[in-house]
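Have the viewer open as you read.

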Amino acid sequence: MCFGRCARRIGYKLLILALLSIVANILLYFPNGETRFASEHHLGKYVECLHGILGGGLLMLIPAAVFIGLHNDDCCGCFGHENCGKSCAMLSSVLAALIGILGSGYCIIISALGLSHGPYCFTRLERNWIYPFSESSGGYLFEYNKWSVCQEPQNIVQWNVTLFSILLVLGGIEFILCFIQIINGILGGLCGLCGSQEILLLAVILITLECNVFYRCCQSESCNKTYRSFISIVLALLGAAFSGYSCIIFVWGLIQGPFCNSSGGWDYIFKDTAGGYLTDHPAWSRCTEPANIVEWNIILLSILIALSGLQFIVCFLKVAAELKRTLCGTYSVFVQAGVL
């Protein structure tokens, strides 16, 4: 089994997906191929998030480039051992895969929100540009008879649904491929870029089963430390994933604003400001109940964003530290285990 070849194939797939995401996001800017809606600022707020260009596109080019060049990259070597350098390169690809997961995750979230919120269009009843389906929570997707409420741009509902759905699928595939590369990179770092199936099978058995070979191997202090480092890497990656998810949710909550009672009833009255209310202090008084809810939300969500951001950084540093510790001791562990 060649882990480097697998990474290379994933890289080429990510490259194609990234280019498709960029094209789909650009098309969202020009409904029916017309440019006037973009120049007149009559585009939906989720269209302008650049989730396909940045998240599913440019950010995805980083792991794609790393994975494609990985097969011939032996890093810097390690005390003259080529295999150790190749393991370094494979383990470093895990960090690039994490960048890809963040980018694809951003693309997935914004695409889902864009589908749920509906398009920004000119309606006959209101005689104004509004989000006519914002209160339907995505229910409009199955009520085709209501799509005609959008008069301009023509067929904007079909245009948005199609392209946001494509970006959602592309982001999901990118996320899965990057997750696969995390596993592939860790196994490749442990077994080398091109290890035999017997070595890979031995590695899996040693990690998952409590057999005599594993027990005897881990009587060695260096072997025991190596496996502990491997477990630490896996747990730190999980911590980075969860803290990153928490940070995204808290940022979104801060941008959307609090749910409060105003003259128009209970609603997210700042949801269409794209976070602009944060600097518009006079507007905070529009929330009459709960008292001081805007200040309360801003303070606590800012604290949670800072905490989750620190957690992500700590987990990231832990991964880097454990990769450095494991780099030159892993290969010898499997050799030792095989001899035992």
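What follows covers the ground rules, then cavities, a pocket, aromatic rings and cysteines.

## Ground rules

This is a predicted model, so to speak: local features need pLDDT of at least 70, side-chain atom pairs count only at pLDDT 80 or more, and totals for chains, interfaces and linings use all residues. Residues are numbered from 1 along each chain as its sequence is written, and side-chain values use heavy atoms, with hydrogens and water left out.

## Cavities

There are three cavities of 30 Å³ or more in the structure. On a 1 Å grid over the protein atoms alone, a cavity is a set of points where a 1.4 Å probe fits but cannot get out, and lining residues have an atom within 4 Å of a point. Grid points are joined across faces, edges and corners, and a volume is the space filled by probe spheres set on the points.

The largest cavity comes in at about 70 Å³. Its lining includes Leu28, His42, Tyr120, Pro153 and Ile156, and splits into eight nonpolar, three polar and no charged residues. For these classes, Ala, Val, Leu, Ile, Met, Phe, Trp, Tyr, Cys and Pro are nonpolar, Asp, Glu, Lys and Arg are charged, and the others, Gly among them, are polar.

The second largest cavity has about 50 Å³. Among the residues lining it are Lys45, Tyr46, Gly114, Tyr131 and Phe164; the class count here is six nonpolar, four polar and one charged. Gly44, Val47, Pro119, Tyr120 and Asn160 are among the residues that turn up in both linings.

## The second largest pocket

A pocket is an open set of grid points with protein on both sides within 12 Å along at least five of seven lines.

Helices (H or I, at least four residues) and strands (E, at least two) are DSSP runs, numbered from the N terminus. By class, the pocket lining has 12 nonpolar, one polar and two charged residues.

## Aromatic rings

The model has 10 aromatic pairs, meaning rings of Phe, Tyr and Trp (its six-membered ring) with centres within 6.5 Å; planes under 30 degrees apart are stacked, over 60 edge-to-face, and the rest tilted. One of them is stacked: Phe133 and Tyr140, at 4.7 Å centre to centre and 10 degrees between the planes.

Buried or exposed? Phe133 is buried at 6% relative accessibility, and Tyr140 is buried at 2%; buried means under 20% relative accessible area, exposed over 50%, and partly exposed in between (1.4 Å probe, protein chains only). Elsewhere, Phe37, Tyr120, Phe122, Trp129 and Tyr131 make up one aromatic cluster.

## Cysteines

There are two disulfides (cysteine sulfur atoms within 2.5 Å). Cys121 and Cys150 are joined at 2.0 Å, S to S. This link is left-handed, with -55 degrees about the S-S bond. Cys121 sits in strand S1 (residues 121–123) and Cys150 in strand S3 (residues 150–152), 29 residues apart. Both are buried.

The other disulfide pairs Cys260 with Cys287, sulfur atoms 1.9 Å apart. Its S-S torsion is about -55 degrees, so it is left-handed. Cys260 is buried at 0% and Cys287 at 9%.
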